[in-house]
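Please look at the sequence and the structure shown here. The paragraphs below go through parts of it step by step.

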Amino acid sequence: MEGADGQMKVKILYGRGGLDVRLPDGCEPTVIEKPPMPVIGDAKSAVAAALDQGGLAAAAAGARSACILICDITRPVPNRLFLKPLVERLVRSGVPRDAVTVLVATGLHRPNLGEELAEVVGDPWVLKHVRVENHYARDAADHVDLGCTRRGTPIRLDRRFVEADVRIATGLVEPHFMAGYSGGRKVIAPGIAHADTITTFHNHRFMSDPCADNCVLDGNPLHREQLEILERIGGALALNTVIDDQRRLAFVNFGECRTSHLDAVAFVRRYAEVALPRRFTTVVTSAAGYPLDKTYYQTVKGMVGALGALADGGDLVVASECSEGLGSAEYRAAQRRLVDAGPEAFLASISGKANADIDEWQTQMQTRSLARGRISLFSEGLVPADRALTGVESVASVERAVARSIERHRDRRVAVIPEGPYVIPRAA
């Protein structure tokens, strides 16, 4: 932690290169990070073993089509490690290669095209030999209507996945500030769900449930809906991965979607959930660096993830590059309503809606952070018009924000979360 000049320095995830934060002299830092995570030495062999032992050949026998879901650019999933061997095994089992589709589970995010699509897929062979397409949540004709869940959420899913003989969801299992953990069933809904489905189980009623939180599955209303949707389509297979803080593969498995996902969650819980003896009046965190910190929209995950370490009335300093700006036009509109009306009036205005406006759920989640303390944002990617819509204070440097917080609270103890929302602190 100590730099060459003797000053305390911590590197946090920020953009592609990280950010060195020099802490004020005399402060007492606590770095909140995962315990050492075992890394798989031969990732290629581990992927092959997972596919061969997870029942893929039996599931693909006699199948005439397959659809593989992958996450979009906002998740650093190591697709390059498993997409080709997954396709090859499907073809060896008899699925025609021209009937294999890789579908980017964009949810309501923008499509990934051109060089960005190549980055997401990570393997030119896959782009050359199978169809790679994006999900478009607002295109009604692309979706199959499967009725509603028991709680009234319409189940409308991309027909390319629903109608495939072999359905496979792939993804990264990590803490998620609404659904408990990402990956598995979440790649299906909201990943390839219609806008009506997404905006229903992202409305105020779902988002205000205290169980819609990081690392919570029991009682989580989103997780509950996702499992029912998975059941309604007749199930699916899943390839689940976990990576360490240097994006190296630490875990991979393959199997029935629900159980394999829970096995991956059981693994990552031991590292991602970190117990603390106390909360701090000054907390520094990140938005997990590239690609998660490309927008302010995704930065909210870092704000919410750090709340377990932040004392009431404390200062949370978030570093996020926001290289693509604020986010969607719909998110911009929601943020403007937050800034103009204030958190309480904003929440009151959305509380009775059956369907959330697109992306306003992220604004709702930000209000959790605003209710806890003062939020400061360091970002080099936001123009002044965007900064005005963040609803938080912009700062010129993390260091100055930390020094100001120490002085304000007369407390030299500072918590730093270098990985941001990939690590969830839990104070006793």
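Helix 3, residues 79-92, has 14 residues and spans 20 Å from its first C-alpha to its last. That is close to the 20 Å expected at 1.5 Å a residue, where the expected span is 1.5 Å times one less than the number of residues. Helices (H or I, at least four residues) and strands (E, at least two) are DSSP runs, numbered from the N terminus. This is a predicted model, in which local features need pLDDT of at least 70 and side-chain atom pairs count only at pLDDT 80 or more, while totals for chains, interfaces and linings use all residues. Residues are numbered from 1 along each chain as its sequence is written, and side-chain values use heavy atoms, with hydrogens and water left out.

Which residues of helix 3 are buried? They are N79, F82, L83, P85, L86, V87, R89 and L90. Buried here means under 20% relative accessible area, exposed means over 50%, and partly exposed is in between (1.4 Å probe, protein chains only). After helix 3 comes G94, which has a positive phi near 110°.

The whole protein gives the setting. It has 17 helices and 20 strands. Its radius of gyration is 21 Å, close to the 22 Å that the globule rule gives for 428 residues, so the protein is as compact as a globular protein of that length. The radius is taken over C-alpha atoms, and the globule rule is 2.2 Å times the number of residues to the power 0.38. Along the principal axes, the C-alpha atoms fill a box of roughly 70 × 50 × 40 Å. Of the 428 residues, 60% are buried. Among contacts (heavy atoms within 4.5 Å) with a separation of 6 or more, 75% are between residues 24 or more positions apart. The protein exposes about 16,200 Å², and carbon and sulfur atoms supply 50% of that area. Accessible areas come from the Shrake-Rupley method with a 1.4 Å probe, and for residues only the protein chains shown count as cover.

Strand 12, residues 237-243, is mostly covered, with seven of its seven residues buried. L237, L239, T241 and I243 point one way from strand 12, whereas A238, N240 and V242 point the other way. Two strands are said to pair if DSSP finds at least two bridges between them. Strand 12 pairs with strand 9 (residues 166-172) in the parallel sense over five bridges, and N240 of strand 12 is the bridge partner of G171. Strand 12 is also joined to strand 13 (residues 249-256) by seven bridges, and these two run antiparallel. Here T241 stands opposite V252 in strand 13. Strands 12 and 13 form a hairpin with five residues between them. In the turn, R247 has a positive phi of about 65°.

Another part of the fold is an open sheet of six strands in the order 3-19-15-16-17-18, with parallel pairing. Its edge strands are strand 3 (28-31) and strand 18 (393-394), each of which pairs on one side only. Strand 3 pairs with strand 19 (residues 413-417) in the parallel sense over four bridges, and the bridge partner of V31 in strand 19 is V416.

Strand 17 (374-378) of this sheet is also included in what covers the buried residues of helix 15, along with helix 8 (195-200), helix 9 (204-207), helix 12 (296-305), helix 13 and helix 14. The buried residues of helix 15 include E360, W361, Q362 and M365.

Charged side chains come last. A salt bridge is a side-chain nitrogen of Lys or Arg within 4 Å of a carboxyl oxygen of Asp or Glu, and by this rule there are 31 salt bridges. In one of them, the closest N and O atoms of R160 and D158 are 2.8 Å apart. R160 counts as partly exposed because its relative accessibility is 25%, whereas D158, at 0%, counts as buried. E163 and R159 form another salt bridge, with their closest N and O atoms 2.9 Å apart. R159 is partly exposed, at 31% relative accessibility.

D357 and R337 also form a salt bridge, the closest N and O atoms being 3.5 Å apart. D357 lies in the loop between helix 14 (343-350) and helix 15 (360-372), and R337 lies in helix 13 (residues 329-341), so the pair ties together parts that are 20 residues apart in sequence. Relative accessibility is 37% for D357, which counts as partly exposed, and R337 also counts as partly exposed, at 30%. Finally, a network of salt bridges links R150, R151, E225, E228 and R232.
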